[in-house]
Amino acid sequence: MVVRKQFYRVVEGALNKGVRALSDSGRWSHLVDWGIVVITYTGRRSGRSFSTPVGYLAGPGADQITIGVERPGDKTWWRNFVGAGGPLSVRLKGTERAAHAVAHQDGGKVTVTVQLAQP
C-alpha cells in the first residue's frame with residue numbers, strides 16, 4: 001500500500017509539472033484550457049507559494065467555479081481553504097484572476113468553491 005501511494009505521488013507530480021508547463025506556454029495552453037485551471041495559493045503554515053493544476057466545473061454564476069478534490073485524504077492543498085476560506089489566484093483560459101476559495105466537506109467528499117474577483 002505504501003509503495004502504491006508513493007508511485008501515485010511520483011506519477012501525479014510528473015503530470016502536474018507537464019500540465020503546468022503546457023498551461024504556461026502560449027502556443028500549447030489551449031490543450032489544457034478545456035477543464036483545467038492552475039491555482040496559486042500561499043500555504044497556511046509554511047507561508048510558501050504553491051501552484052497546482054486542478055480540474056474544475058463552471059459554477060452557477062459566470063464568476064464562480066467548483067473544484068472537486070479527488071482522493072482528498074491524499075491531498076493537502078484544499079485544507080488551506082477550510083472554514084472562512086482564503087485567497088488564491090486562478091489561471092483560467094490564459095488569464096490570471098484573483099479569487100477567494102472555500103472548501104466544503106461532506107463525508108468523504110470535498111469540493112472547493114471559488115469566487116472569482118471582477119477582472
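Two strands are taken to pair if DSSP finds at least two bridges between them, and strands (E, at least two residues) and helices (H or I, at least four) are DSSP runs numbered from the N terminus. The structure described here is a predicted model, in which local features need pLDDT of at least 70 and side-chain atom pairs count only at pLDDT 80 or more, whereas totals for chains, interfaces and linings use all residues. Residues are numbered from 1 along each chain as its sequence is written, and side-chain values use heavy atoms, with hydrogens and water left out.

The seven strands form an open, antiparallel sheet in the order 2-1-5-6-7-4-3. Strand 2 (49-55) and strand 3 (57-58) stand at the edges with a single partner strand each, so one side of each has no neighbour in the sheet. Strand 3 is joined by two bridges to strand 4 (residues 64-69), and these two run antiparallel; leucine 57 lies opposite threonine 66 of strand 4.

Aromatic rings of Phe, Tyr and Trp (its six-membered ring) were counted as pairs if their centres lie within 6.5 Å, with planes under 30 degrees apart called stacked, over 60 edge-to-face and the rest tilted. Tryptophan 77 and phenylalanine 81 form an edge-to-face pair, at 6.4 Å centre to centre and 65 degrees between the planes, and both residues are buried (under 20% relative accessible area, with exposed over 50% and partly exposed in between; 1.4 Å probe, protein chains only). Ring pairs link Tyr41, Phe50, Trp77 and Phe81 into a cluster.
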